[in-house]
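Visitor: I'm new here and would like a short tour. Could you walk me through what we're looking at?

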Amino acid sequence: MIAVLNQKGGVGKTTLTVHLATALARRGEKVLLIDADPQGSALDWAAARRGTPLFPVAGMPKAGLHKELPALAADYSTVLIDGPPRVYDVARSAIMASDLVLIPVQPSPYDVWAAKEIVDLLHEATVYKPNLKMAFVINRKIANTAIGRDVAEALAEYPIPVLVASVAQRVLFAESATQGMTVYELSPGNPAEKEIDALAAEIGELGP
Ligand SMILES: Nc1ncnc2c1ncn2[C@@H]1O[C@H](COP(=O)(O)OP(=O)(O)OP(=O)(O)O)[C@@H](O)[C@H]1O
Ligand SMILES: [Mg+2]
């Protein structure tokens, strides 16, 4: 059970969730995507799709999702939760439901500062979930700039690791989403695919 969370809006939660779900489904996992955002972005993404879905997307933007999810999750090997920005009670419930929380952050000091909110929420959660795993994922890294490295250094101030795998800024992510697709389908063999595969592999190495 993996939640993709950040109280800050627009950092790439939905983009990374649908792409990770796709990467894992392509690896043969039985994936369920839970849209825990009242905006329903992952549901919109699924609705925009014409082809066959690779995995089901279910909406559950409620504070009680950790109670409802286990029964629903039983048939799946991986459940990914796309979290909402700002809504605390839903984020807290998603944390309670999860084994791993991924926190997308963009390479900007504003994102580093804003991450404090989710870091505090996670810190609170470790009291009752001492085995909860968590990691930052740098998203929208811009090639040939030092800012990605700077942000990784700045994030080291928080007691949460930064994954080695990162995702670059690529217009293909937005373009593919328009049609309810992913970079895998819109432009097979492009470098974005490798980044998402590397991210999925690194998450796999974190263990169950
Ligand atoms: N790596 C990327 N390269 C280019 N564009 C990206 C990338 N990641 C996300 N985006 C774009 O940034 C915007 C915000 O991304 P997304 O909706 O995934 O963020 P979010 O954290 O889910 O937002 P919200 O907090 O509103 O739910 C979208 O237009 C998306 O297409
Ligand atoms: Mg979103």
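**A quick tour**

Guide: Happy to. Keep in mind that this is a predicted model. Let's start with the cover over helix α4: its buried residues are covered by elements including β1 (2-4), α3 (65-73), β4 (78-82), β5 (100-105) and α5 (109-125).

Visitor: Which residues of helix α4 are the buried ones?

Guide: Helix α4 spans residues 88-97. To count as buried, a residue needs a relative accessible area under 20%. In α4 the buried residues are Val90, Ala91, Ser93, Ala94, Ile95 and Ala97.

Visitor: At roughly what angle do the axes of helix α1 and helix α9 cross?

Guide: Helix α1 covers residues 13-26 and helix α9 covers residues 191-205, and their axes come within 9 Å. Angles of 65 to 115 degrees count as roughly perpendicular, and α1 and α9 are therefore roughly perpendicular to each other. The crossing angle is roughly 75°.

Visitor: How do the residues of the contact of α1 with α9 divide into nonpolar, polar and charged?

Guide: From α1 come Leu16, His19, Leu20, Ala23, Leu24 and Arg26, while α9 brings Glu193, Ile196, Asp197, Leu199, Ala200 and Ile203. Sorted by type, the residues of this contact are eight nonpolar, one polar and three charged.

Visitor: Is Thr17 buried or exposed?

Guide: Thr17 lies in helix α1. Leaving aside neighbours within four places in sequence, Thr17 is in contact with Val4, Leu33, Leu80, Ile81 and Asp82. A polar atom of the Thr17 side chain also lies 2.5 Å from the backbone oxygen of Lys13. With a relative accessible area of 0%, Thr17 is buried.

Visitor: And Asn131, is that one buried or exposed?

Guide: Asn131 sits in the loop between α5 and β6 (133-141). Exposed means over 50% relative accessible area. Asn131 has 69%, so Asn131 is exposed.

Visitor: How far apart in space are Asn131 and Ala74?

Guide: In sequence, Asn131 and Ala74 are 57 residues apart. Going from C-alpha to C-alpha, the distance in space is 21 Å.

Visitor: Which residues come nearest to ligand 1?

Guide: There are 18 residues around ligand 1. The residues that come nearest are Lys13, Thr14, Thr15, Arg140 and Ala168.

Definitions and conventions. Residues numbered from 1 in each chain as written. Chains lettered and ligands numbered in written order. Predicted model: local features only at pLDDT ≥ 70, side-chain atom pairs only at ≥ 80, totals over all residues. Heavy atoms only, no water. Axes fitted to C-alpha atoms, helices over the stretch in contact; angles between N-to-C directions. Helix = DSSP H or I, 4+ residues; strand = E, 2+ residues; numbered from the N terminus. Parallel < 35°, antiparallel > 145°, perpendicular 65-115°, else oblique. Contact = heavy atoms within 4.5 Å. Nonpolar A, V, L, I, M, F, W, Y, C, P; charged D, E, K, R; others polar. Buried < 20%, exposed > 50% of the residue type's maximum accessible area, 1.4 Å probe, protein only. Near = heavy atom within 4 Å. Polar contact = N/O pair within 3.5 Å; in protein donor to acceptor, adjacent residues only side chain to side chain.
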